[in-house]
Amino acid sequence: STVLAHVMTTLNERYDYGLDLFLLSVDEGISGYRDDSLETVKRNQLQYCLPLKIVSYQDLYGWLGRRTIVSTFCGVFRRQALDRGAVLIGVDHIVTGHNADDIAETVLMNIFRGDISRLQRCTSICTGTEGMMPRSKPFKYTYEKEIVMYAYFKKLDYFSTECIYSPNAYRGYARAFLKDLESIRPSAIMDIIHSGESFALKEDLVGTVVTTGKLCFPQFYVVLLRNKARNCERCGYMSSGAKCKACVLLEGLNKGMPK
């Protein structure tokens, strides 16, 4: 994210794009991790002369990241927190620092889970164009190591410590598998991204089942999600269902709270 802020600021000044840039950070409340990174972000604010907005889980959801622990919860809350923070600032586009390694990991995770709907859009540089807050990933084809080298040689002030809960996250297994694969085939990351981009489903592909005796083998079993964007009935935020994912997770968390 620091490299992204540096590059966006440099290009905006050099070519006079006329962009109004803002820094947006999410505070999960994880001590020993996020508190240190926020100090770096505050220094970046001064270095690049950009306004900074910090949104916290405590303010948005009434929960702290150190109490949710599970990275599945944290990821859902963070994605929505970015959208909500962007609305509070009044911007019309979010730009994130996801790199090629992140995209390849996401492709693998969706394959492992059999998540067809996300697999079709996870490699897109621009997402959310049909919703209220579009997002872009300019570093989609840039390796993580290249970004770190750029930050090092440019002597940028950045924070690189990993979240203390990330080793238990599902993404960690995809990352370990990807690194092993890359050691054997150096082009593996780009190959996986290109495979995700080439993935397509025919719209007339329905559940064709081959029956052999008493056993049924699904030859093609694909469900295409055509949910239209709507608002969550609880918080009013955009959702593909009656309730957004964040509210569903919050209900589960609050059920375990003492009364």
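**Notebook: salt bridges, sheet and surface patch**

I first looked up Arg-175 and Glu-162, whose side chains meet in a salt bridge at 3.6 Å, N to O; the term requires a side-chain nitrogen of Lys or Arg within 4 Å of a carboxyl oxygen of Asp or Glu. The pair links distant parts of the chain, 13 residues apart, with Arg-175 in helix H9 and Glu-162 in the loop between helix H8 (144-153) and H9. Helices (H or I, at least four residues) and strands (E, at least two) are DSSP runs numbered from the N terminus. Arg-175 counts as partly exposed because its relative accessibility is 24%; buried means under 20% relative accessible area, exposed over 50%, and partly exposed in between (1.4 Å probe, protein chains only).

I note that this is a predicted model, in which local features need pLDDT of at least 70 and side-chain atom pairs count only at pLDDT 80 or more, while totals for chains, interfaces and linings use all residues. Residues are numbered from 1 along each chain as its sequence is written, and side-chain values use heavy atoms, leaving out hydrogens and water.

I then checked confidence (pLDDT, the predictor's confidence in each residue, from 0 to 100). The protein chain has a mean pLDDT of 83, and 82% of its residues reach 70 or more. Confidence is highest in helix H1 (residues 2-15), at 97, and lowest in strand S6 (residues 208-212), at a mean of 43. Where pLDDT is low, the predicted coordinates should not be read in detail.

I searched the whole structure for salt bridges and found 16. In one of them, Arg-135 and Asp-83 have their closest N and O atoms 3.2 Å apart. Arg-135 lies in strand S5 and Asp-83 in helix H5 (residues 71-89), so the pair ties together parts that are 52 residues apart in sequence. Arg-135 is buried at 15% relative accessibility, and Asp-83 is buried at 8%.

I followed Arg-135 into the sheet, where Ile-94 stands opposite this residue. The sheet is open, with 3 strands in the order S3-S5-S4 and mixed pairing; two strands pair if DSSP finds at least two bridges between them. Strands S3 (94-95) and S4 (126-127) stand at the edges with a single partner strand each, so one side of each lacks a neighbour in the sheet. S3 and S5 (residues 135-136) run parallel and are joined by 2 bridges.

I also recorded a network of salt bridges that links Asp-101, Lys-145, Lys-179 and Glu-182.
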